[in-house]
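Reader: I have a few questions about how the labels for this model are decided. Could you take me through them?

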Amino acid sequence: MSANEGPSVQAANITEVNGESSVQPITDQNDEAVTPNFYHSPRGTKYWIPNVPTPLKPATGMVFGRWEDAVTLYQDYAQRAGFDIRLSTVARYKGVITHRYIVCSRFGNPNSNTGDSMDVTPASSKQRNSSFKVTDCQACIKLKPVKGTEGYSIYKFIEPHNHGLVDVDNMDLTRGRRQLTFTEQEFIHKAQTSGFGATVSHRMQASLKGGEHLVRGTKTDHKNFARDIREFIGERDAQMVIDKLNGNMLHLENFYFNHTVVNGELRSLFWVDDICKCNYNAFGDVVAFDATYDTNKYNMIFVPFTGVDNHQKCVTFGAGLLYNETIESFTWLLDSFLKAHVKHPRLVLTDQDAAMKQAVSSVFTESTHRLCMWHVTKKLPAKVCGDKLENTDLRSRIHKLVWNVFIKPSTFESRWKDLMDEFDLGDNNWLNDMFEIRDQWVPAYFRDLPMCCLMKTTSRCESSNSLFKVYSSSGNTLVQFMLCYENTLNAQRFEHRRLQYETTTTSPKMLTSLPIERHASYIYTHNLFKEVQKEIHKGLYSCGLDRVETVDGCRISFVNHHDKSKGLVGEFKVTFTLNDGTIECSCRGFTRIGYLCRHIFCVFRNMNIDVIPDQYVASRWRHDVLPPKIFSIDARYLGGRDEKTIKRQEATTLFNECADRVRGDLENLIDFVEDMRMLKEKIYQAIPEKPAYNSKAVVISDLTGYSEPESVTATAPKGIRNKGCGTSRRLIGPGEKAVERSQKPKRLCRTCFTYTTHDSRNCKAKDPKGKKKAKKSSNSKGKGAQDDA
């Protein structure tokens, strides 16, 4: 043992004299002094005695008013001495405690069972190849009750240790110092529900506190606590979620929850809170929903319902978890949605999933169902011959046609027919099928539907799904998933509250001197006002009044729309009815997006109209469309419901504020630390032990907000197989393969003489006998290739 190992100790030889330990100096065989810091017994055993001031040591005969005071004393002594402690034997006689021991953490004997390399046993029953820490150290204090009181007295104190003592700089690695406090446990839990694992949470703690030595527990301890949370949930996962949501229905205003259980397994889940209902009442005219995966360990399918709020941001109207993607499952989900929100949405947007389509048509009978345009157009490379798509302008012309929001259905049909004839695509089955259902995805067929251009694709759903996956992961239990869901909604609602605050406390910059622009800034949110402001600005500088006619009590204005690069874009007709003050433009801008177009603002300027009529201010875009209660603290998740949590957070805030105030003054910092130390001693004297309820299960229940169920009638589903789960790799569809092929470098085909992705071996223009259909000279080949390129 080196002289530097362990803290400073006194050298002596311990012998028994009249039952007491006697310390004598010892020398080795060469009569040279043994290195101090440890002792030898007469039999050669090494002992270490901590070098701790006598007033801080336990002593025989000490009396404590409470058992916990004795534990605190020995714990403080152990921290100074360089070892760790644990509670040991409690002896009872007829139910009455007679003795209690507090021992060194290395007390006890190691397991003597050793493995035999020749023993053939199953691997699961073999002993782990790990080190042991116990050395049968006898250092301890022994206490007995004081008769007639609740106190205890020390009747024996064994000071020597049979192992080296831990250096003060390494005491943070001892078991006692690695015990996680509630603060550390809370940090691990909150980090986990925000998408950060135990390893990252430990690294964050070390960075925030200034080093690993200031963090309670190692990375393994953090991982173990994360494991403890999952074990606490265990097989009761689904039941805990059901009980929690049922409790929310009883105690939270306007909360709705529905679920189904089949053969004891949870099959479907749907829930909506009051804020979701308020948002749906204001912005539920257009709803999109899409299924997403990998949000929980059971592979339940997560289906959030998404819309657009008055700040043009995604807003969630509710969410569900499903066992499968059948017509029955989606029908049940939409029925639950309708029960919660009562009214039908005006427009429902989904992808081309057949089960969704059937469910929407059977439940939302008053709604218009629209297919996502992106899911349709992305298949174009896979469904149309590569040469036609890559060597012509077919793709751009199809996109220009189908995304055009200004044309009428008849115009679309005639242009589509001309396009198919021009490129000889009349026999393309996929294009013909898409044309048959054109009224379900082409914007021209929705031009008369209010807010039809608010969402044309499910990209809002994809955005919401990606946000949920930032917080959640595929390894989460249902309880953890619900906590992640609440965190996601908190983040979404905070962003809405922040934008609302900016709208009400700041004023946007005006681009014109028109009074109608300033009026618009008073009624719209800032994000929407920027869009309206563009229309007002374009109406002033890019639109001009060509002529005005009065027909049957209507003032008809013809507005020329100019563009700097394109010149005259077109002529639009604005009809103003003199009797009732209604106004309509041939571009149908107000119908499509809910605010007036530049052509109408051009007419307003010529008619000296300085305010936007109320009937043309869509309520969904007003800054005050939502009730104030949705911004209150009580309406937020994880806030304002527990008085103890509020006071604890307030105490932490006060401490941080005081520490920040004195951080630059060393003298005041010293006084502050001393005051905190005195306050700590006062609190520890008043509350000497951890609360009796501070068991691991209760702590985890407090952290998660989910209590242990009295009985389990529903378990989490098993055996769910989602789309594409039969392979270890992600399935790549023909559309994505076509995109990958299109990104490959082009090369010259010596058969068709074009730069493309194929060559002469697999060119479709090749003669079946292997001869080329056309033959050109080498010069013409190069010229033709250049022209095609």
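Reader: What makes Phe-655, Met-676, Leu-679, Ile-683, Tyr-684 and Ile-687 a nonpolar patch on the surface?

Author: Nonpolar side chains (Val, Leu, Ile, Met, Phe, Trp, Tyr) are joined within 5 Å, and like charges within 9 Å. These six together have about 560 Å² of accessible area, from the Shrake-Rupley method with a 1.4 Å probe and only the protein chains shown as cover. Helix α22 (residues 666–686) gives the largest share, four residues; helices are DSSP runs of H or I with at least four residues, strands are runs of E with at least two, and both are numbered from the N terminus.

Please remember that this is a predicted model: local features need pLDDT of at least 70, side-chain atom pairs count only at pLDDT 80 or more, and totals for chains, interfaces and linings use all residues. Residues are numbered from 1 along each chain as its sequence is written, and side-chain values use heavy atoms, leaving out hydrogens and water.

Reader: Why are the rings of Trp-271 and Tyr-485 called a pair, and of which kind?

Author: Rings of Phe, Tyr and Trp (its six-membered ring) pair if their centres lie within 6.5 Å; planes under 30 degrees apart count as stacked, over 60 as edge-to-face and the rest as tilted. By this rule there are 25 aromatic pairs. Here the centres are 5.2 Å apart and the planes at 80°, so Trp-271 and Tyr-485 are edge-to-face. Trp-271 belongs to strand β11 and Tyr-485 to helix α16 (residues 478–505), 214 residues apart. Both Trp-271 and Tyr-485 are buried.

Reader: What makes Trp-416 and Phe-435 stacked or edge-to-face?

Author: Their centres are 5.7 Å apart and their planes at 20°, so this pair is stacked. Trp-416 is in helix α13 (residues 409–422) and Phe-435 in helix α14 (residues 429–436), so parts 19 residues apart in sequence are tied together. Trp-416 has 5% relative accessibility, so Trp-416 counts as buried.

Reader: How do you know that the charged end of Arg-267 sits over the ring of Tyr-323?

Author: A charge sits over a ring if NZ of Lys or CZ of Arg is within 6 Å of the ring centre and within 35 degrees of the ring normal. Arg-267 has its charged end 3.9 Å from the ring centre of Tyr-323.

Note on methods
Patch = residues over 30% accessible without salt bridge, like charges linked within 9 Å, V, L, I, M, F, W, Y side chains within 5 Å. Salt bridge = Lys/Arg side-chain N within 4 Å of Asp/Glu carboxyl O. Buried < 20%, exposed > 50% of the residue type's maximum accessible area, 1.4 Å probe, protein only.
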